[in-house]
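Take a look at the model below. We will walk through it a piece at a time.

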Amino acid sequence: MRTEAAERAELVFSLFDANGNGVLDSADFDLMTGRALEAAVASDDGAKEGIRAAFRRYWTTLAAELDANGDGVITIDEFRPFVLDPERFGPTITEFAEALAVLGDPDGDGLIERPLFVSLMTAIGFAEANIHALFDAFGPDAEDRVTVATWAAGIKDYYAPDMAGIPGDQLVAVRAA
């Protein structure tokens, strides 16, 4: 596993620990779902249900794969190797990536405008300067939009253990505010 991938996994863990108790539990995913839905008020019911289902699957997959002792929580040590294993976690990430990207396209034109992208990524907990750096790394068009496909692919790449120098690394890099 590349150092960059481990850093990305640790950042995601810290953000998904939405209630700040040091472990992941089902309440974290409920909180994160609520935050994403608040940022996506213009999205249709199908897109909202898609992200609810994706967050639910994210949690249930983690719990089923990693919670061997049945205590209902996942530690960073349990999380890191699993979440970066495309064989075990790839389908869950694909569902999540596609659902989040579609949530960012409420008008269905296949394009995500920067303000909604920033709102959704802020709702997840990423730093605003890093969000803008990521959006810029995706190569927005002249109207400051990126495609749904570009964002979904970027999310999938973020979880790839063998990738470095990807747009998603912008989320880990320390940026001046």
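Predicted model: local features only at pLDDT ≥ 70, side-chain atom pairs only at ≥ 80, totals over all residues.

Now follow α3 itself. The helix covers residues 45-66, 22 residues in total. At 1.5 Å a residue it should span 32 Å, and its end C-alpha atoms are 31 Å apart, which agrees. Its buried residues are A47, K48, I51, A54, F55, Y58, W59, T61, L62 and L66. Seen down the helix axis, these buried residues fall within an arc of 165°, so they line one face of α3. The general rule is simple: an α-helix has 3.6 residues a turn, so residues three or four places apart point the same way. On the other side of α3, D45, G46 and A64 are exposed.

Charged side chains come next. Side chains of opposite charge can pair when their charged atoms come close. The whole structure holds 9 salt bridges. One of them joins R56 and E49, at 3.1 Å from N to O. R56 is partly exposed at 47% relative accessibility, and E49 is partly exposed at 37%.

Another salt bridge links D144 and R114, at 2.7 Å from N to O. D144 lies in the loop between α7 and β2, and R114 lies in helix α6, so the pair ties together parts that are 30 residues apart in sequence. D144 is partly exposed at 29%, while R114 is buried at 13%. D144 has another feature: its phi is near 60°, a positive value in a residue other than glycine. Most residues other than glycine have a negative phi.

E143 and R145 also form a salt bridge, their closest N and O atoms being 3.6 Å apart. E143 is exposed at 57%. R145 is buried at 17%. Elsewhere, salt bridges that share partners join E49, R52 and R56 into one network.

What about a charged residue without a partner? D105 is buried yet has no salt bridge. The nearest side chain of opposite charge is R145, 8.7 Å away. D105 lies in the loop between α5 and β1. Its contacts beyond its sequence neighbours within four places are G110, L111, I112, L116 and V148.

Finish in helix α7, where L134 is found. L134 is buried, at 2% relative accessibility. P167 is 33 residues away along the chain, but the C-alpha atoms of L134 and P167 are separated by 5.6 Å. Among the other contacts of L134 are F117, M121 and L171.

Methods. Residues numbered from 1 in each chain as written. Heavy atoms only, no water. Helix = DSSP H or I, 4+ residues; strand = E, 2+ residues; numbered from the N terminus. Expected span 1.5 Å × (residues − 1). Buried < 20%, exposed > 50% of the residue type's maximum accessible area, 1.4 Å probe, protein only. Arc of directions from axis to C-beta. Lys, Arg positive; Asp, Glu negative; His and termini not counted. Salt bridge = Lys/Arg side-chain N within 4 Å of Asp/Glu carboxyl O. Contact = heavy atoms within 4.5 Å.
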